[in-house]
Amino acid sequence: MSSNKIGRNDPCPCGSGKKYKYCCLDEGATLICKMNAFLEDYSMIPKQTRIKQCIHPNKNECSGNIIKAHAIQNNRVLSKLAVNGMVQTMDGVSNLMFQDAQCKGRKIATTFTGFCANHDKTLFQEIEDREFEAKPKQIFLYTYRTLAWHYHKKLEQIKKTELTEKMAHKHNLPGIANTNNYFNRLLDSEKIGVSENQMKLDLFNQCLLNEEYGTVKSCIWEIPYEIQFAVSTMLEIEHDIAGKQMNDLKSIKPLKSCFLNIFPAREKSFCIWSWLAEDDIYECFTQQFIDLSIENRANYLNNDLPRWTDALVFSPRIWEEWGEGIQQALISHANFDILYRQMEDEEQKHAYEYMDTPWDFFIQLDLNWE
């Protein structure tokens with residue numbers, strides 16, 4: 001018998017602490033052991049992929065202290081939504097890849113390490129310390145912060161993909177050779193996205209320095225009560241409300257982005273579409289949106305927001321009002337975007353049509369609920 005052969009009663013070399021016969025002796029157990037080791041490493045990815053940098057172009061003004069900045073305002077918005085300091089988000093992950101709901105403290109919801117303390121405080125004072133009045137500078141800052149958040153998230157996503165691939169090789173997961181092409185394609189796509197966002201960020205930074213706030217166009221829907229959710233997202237919308245193509249996701253041409261910020265304010269709420277003036281396709285799109293009835297505007301967003309983004313934050317008031325059945329329906333809807341796209345392409349049905357949803361983001365609740 002070879003001197004280095006593992007005995008049945010020896011500690012398993014995988015490091016589980018179990019005897020070899022109870023762990024990796026048979027092939028099935030080996031696979032489970034490998035997956036458990038991979039998942040343990042994978043749980044550390046959020047910390048290992050965090051990037052700390054200030055995106056502001058005036059680096060000489062940076063405080064050097066990178067903080068957790070909020071993409072959605074903490075004191076002005078999240079504090080309205082929170083109950084006992086907690087909010088419900090849609091940026092959780094289950095089974096490594098599926099979008100899921102997550103309960104978080106409002107002080108950590110929608111945070112990213114993309115600004116130093118000085119720039120986070122001074123740059124956004126116009127929207128942090130003042131009521132929203134639809135001033136060009138305020139609209140520019142909402143748009144700029146949304147772009148900064150998404151740019152930063154894509155940089156961290158590249159690190160996450162690279163690290164996940166290394167972990168899969170480290171633990172020699174089955175079929176890893178067949179996943180190399182997948183990781184390569186994913187990284188190529190993510191790097192293209194970062195490159196396109198870098199060009200947008202460079203333009204925004206130049207406008208910021210020159211105080212050219214009119215470079216950003218907008219369309220605003222004012223809602224006469226306080227809603228119970230908030231959104232801050234960057235979108236490349238494929239088809240407008242009439243069904244006309246706006247962006248071809250299969251093309252190598254740079255995609256044209258719009259930005260959407262929805263939030264409650266004092267006794268009212270705002271839905272702000274914004275875009276670069278040069279991306280004039282959104283002039284027509286947002287006019288189509290405003291031409292919809294109030295009911296259809298809400299329905300359009302009820303249907304598409306879960307498909308478009310995980311940047312949704314809800315008050316526990318509305319989340320508990322829905323109950324588990326509606327909560328699970330919403331989570332499922334958020335994960336079926338690829339299926340919906342495929343069905344729409346096959347049937348050539350891209351124009352908006354009213355479709356009931358069991359959830360209503362725009363329901364008006366009694367704010368004295370607590």
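# Reading surface, core and salt bridges in a predicted model

Guide: On the surface, Phe-336, Leu-339 and Met-343 make up a nonpolar patch with about 260 Å² of accessible area together. The model is predicted, so local features need pLDDT of at least 70 and side-chain atom pairs count only at pLDDT 80 or more, while totals for chains, interfaces and linings use all residues. Residues are numbered from 1 along each chain as its sequence is written, and side-chain values use heavy atoms, with hydrogens and water left out.

Visitor: What are patches made of?

Guide: Patches consist of residues with over 30% relative accessible area and no salt bridge; like charges are joined within 9 Å, and nonpolar side chains (Val, Leu, Ile, Met, Phe, Trp, Tyr) within 5 Å. Accessible areas come from the Shrake-Rupley method with a 1.4 Å probe, and for residues only the protein chains shown count as cover. Met-343 has a relative accessible area of 38% and is found in helix H11, residues 337–347.

Visitor: How many helices and strands does the chain have?

Guide: Helices (H or I, at least four residues) and strands (E, at least two) are DSSP runs, numbered from the N terminus. The chain has eleven helices and nine strands.

Visitor: What do buried and exposed mean?

Guide: Buried means under 20% relative accessible area, exposed over 50%, and partly exposed in between (1.4 Å probe, protein chains only). Buried residues are 46% of the 370 in the chain. Two residues with positive phi show the other classes: Ala-134, with phi of about 65° although not a glycine, is partly exposed at 34% and sits in the loop between helix H5 (125–128) and H6. Gln-348 has phi near 55°, counts as exposed at 59% relative accessibility, and lies in the segment after H11.

Visitor: Which residues have the most contacts inside the largest nonpolar core?

Guide: A nonpolar core is a set of buried Ala, Val, Leu, Ile, Met, Phe, Trp, Tyr and Cys residues joined through side-chain atoms within 4.5 Å. The largest one here has 48 residues, and Phe-115, Phe-140, Tyr-144, Phe-204 and Phe-263 have the most contacts inside it. Among the elements that each supply at least two residues of this core are helix H6 (136–170), helix H7 (176–210) and strand S7 (258–264). H6 gives the most, with eleven residues. A second, separate core of 40 residues includes Cys-219, Leu-235, Ile-237 and Trp-275.

Visitor: What is Phe-263 in contact with, leaving aside its neighbours within four places in sequence?

Guide: Contact means heavy atoms within 4.5 Å. With those neighbours within four places set aside, the partners of Phe-263 include Val-77, Phe-132, Tyr-142, Phe-229 and Phe-270. For the chain, 73% of the contacts with a separation of 6 or more are between residues 24 or more positions apart.

Visitor: Which side chain joins that of Asn-205 in a polar contact?

Guide: A polar contact is a pair of N or O atoms within 3.5 Å; within protein, one must be able to donate a hydrogen and the other to accept it, and residues adjacent in sequence count only if both atoms are side-chain atoms. The side chains of Asn-205 and Tyr-144 are joined by such a contact of 2.6 Å. Asn-205 lies in helix H7 and is buried at 9% relative accessibility. Asn-205 and Ile-55 are 150 residues apart in sequence, yet 8.9 Å apart in space, C-alpha to C-alpha. In another case, a polar side-chain atom of Thr-357 lies 2.6 Å from the backbone oxygen of Trp-359; Thr-357 is buried, with a relative accessible area of 18%.

Visitor: How many salt bridges does the structure hold?

Guide: Side chains of opposite charge can pair when their charged atoms come close. A salt bridge is a side-chain nitrogen of Lys or Arg within 4 Å of a carboxyl oxygen of Asp or Glu. The structure holds 14 of them. In one, Glu-131 pairs with Arg-76, with the closest N and O atoms 3.1 Å apart. Glu-131 lies in the loop between H5 and H6 and Arg-76 in helix H3, so the pair ties together parts that are 55 residues apart in sequence.

Visitor: Which residues are linked in a network of salt bridges?

Guide: The network links Glu-238, Asp-304, Arg-307, Asp-337, Arg-341 and Glu-344. Within the pair Glu-344 and Arg-307, the closest N and O atoms are 3.0 Å apart. Glu-344 lies in helix H11 and Arg-307 in helix H9, so this pair ties together parts that are 37 residues apart in sequence. Glu-344 is partly exposed at 24%, whereas Arg-307 is buried at 15%.
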